[in-house]
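Keep the structure in view as you read.

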Amino acid sequence: MNKFVEETVMQRLQRVAAALEKNRMEAHIVKTKEEVVPLVKSLVPSGAKVANGGSESLGECGVMDLLRSGDYEFIDRTKYDDVRKAYAEAYTSDAYFCSSNAVTENGELYNVDGNSNRVSMIAYGPSSVIMVVGYNKIVKDLSEAAVRVKTQAAPPNTKRLSCATYCRETGVCMGLGGGMTDGCSGDGRICCSYLISGPQRHKNRIKVILVAESLGF
């Protein structure tokens, strides 16, 4: 019998969770997307002030429906005439919800933004940041994280947001194979600001819910 046994999804997630905890981020593991909402309810009390960043993952697991349910004071940016006011208000939220473009096996969070409101919230502002991350976003290291964004995250997001970019037309970033920030220079570019979250000063401010299923881009 081969002594080298392939690591299971749950075993890998447990290893990533341990790395996140070592980096002073709170980590939770669930097997299915249906388990996310009950966990969120246990983490965020009713009536809390909440906001969100753009995320397909939040919609797929029911978190957006929860935020809109009336149980929370939801800063819904789609209701603002001036979205910048919504962003400013979100800095004062009790909990900010988003996903991560990638999570490394070393417990690092890798995120890339166009408007940069999401990466700024992750770095500073809201009392708590809660990320919902599917297994498809787990990567070995930061180099693999950069490739993942250029090949799996940016292209579908430019289609979702109707951005006129090279990757929207071709399905891959023109900067693939170059440096981390290499890519197109058009006005529709969505890869503008890069944030790597390593060991945190404020323990457990960032909470990562790892889901053993594929979610989002």
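Begin with strand E10, residues 206–211. Six of its six residues are buried, so the strand is largely enclosed by the rest of the structure. Buried here means under 20% relative accessible area, exposed means over 50%, and partly exposed lies in between, with a 1.4 Å probe and protein chains only. Helices (H or I, at least four residues) and strands (E, at least two) are DSSP runs, numbered from the N terminus. This is a predicted model, in which local features need pLDDT of at least 70 and side-chain atom pairs count only at pLDDT 80 or more, while totals for chains, interfaces and linings use all residues. Residues are numbered from 1 along each chain as its sequence is written, and side-chain values use heavy atoms, with hydrogens and water left out.

Both faces of E10 are covered. On one side Ile206, Val208 and Leu210 are buried. On the other, Lys207, Ile209 and Val211 are buried too.

Which strands pair with E10? Two strands pair if DSSP finds at least two bridges between them. Strand E1, residues 26–30, runs parallel to E10 and is joined to it by five bridges. Within that pairing, His28 has Ile209 as its bridge partner. Strand E7, residues 129–134, also runs parallel to E10, with six bridges. There, Ile130 is partnered by Lys207.

On a 1 Å grid over the protein atoms alone, a cavity is a set of points where a 1.4 Å probe fits but cannot get out; a pocket is an open set with protein on both sides within 12 Å along at least five of seven lines; lining residues have an atom within 4 Å of a point. Grid points are joined across faces, edges and corners, and a volume is the space filled by probe spheres set on the points.

The whole structure holds two cavities of 30 Å³ or more. Of its 19 lining residues, Ala154, Cys173, Asp182, Gly183 and Cys191 are the closest to the centre. Helices H7 (142–160) and H8 (166–170) are the elements that give two or more residues to this lining. H7 gives the most, with five. By class, the lining has 13 nonpolar, three polar and three charged residues. In this scheme Ala, Val, Leu, Ile, Met, Phe, Trp, Tyr, Cys and Pro count as nonpolar, Asp, Glu, Lys and Arg as charged, and the others, Gly among them, as polar.

The second largest cavity has a volume of about 60 Å³. Its lining includes Ala51, Asn52, Arg77, Tyr87 and Met121. Strand E2 (49–52), helix H5 (83–90) and helix H6 (117–123) each supply at least two lining residues. H5 has the largest share, three residues.

Next come the open spaces. The largest pocket contains about 580 Å³ of space. It is lined by 28 residues, and Gly54, Asp113, Arg118, Arg160 and Leu161 lie nearest its centre. Helix H3 (56–60), strand E6 (109–113), H6 and H7 each supply at least two of the lining residues. H7 has the largest share here, five residues. The lining divides into nine nonpolar, twelve polar and seven charged residues.

Which charged side chains pair up? A salt bridge is a side-chain nitrogen of Lys or Arg within 4 Å of a carboxyl oxygen of Asp or Glu. By this rule there are six salt bridges. One joins Arg118 and Asp113 at 2.9 Å, N to O. Arg118 is buried, with a relative accessible area of 8%. Asp113 also counts as buried, at 8%. Both residues are among those nearest the centre of the largest pocket.

Arg160, another of those residues, forms a salt bridge with Glu56 at 3.8 Å, N to O. Glu56 lies in H3 and Arg160 in H7, so the pair ties together parts that are 104 residues apart in sequence. Glu56 is partly exposed at 31% relative accessibility, and Arg160 is partly exposed at 34%.

A further salt bridge links Lys49 and Glu89 at 2.5 Å, N to O. Lys49 sits in E2 and Glu89 in H5, 40 residues apart. Lys49 counts as buried at 14%, whereas Glu89 is partly exposed at 30%. Finally, Glu7, Arg12, Arg15 and Glu105 are linked in a network of salt bridges.
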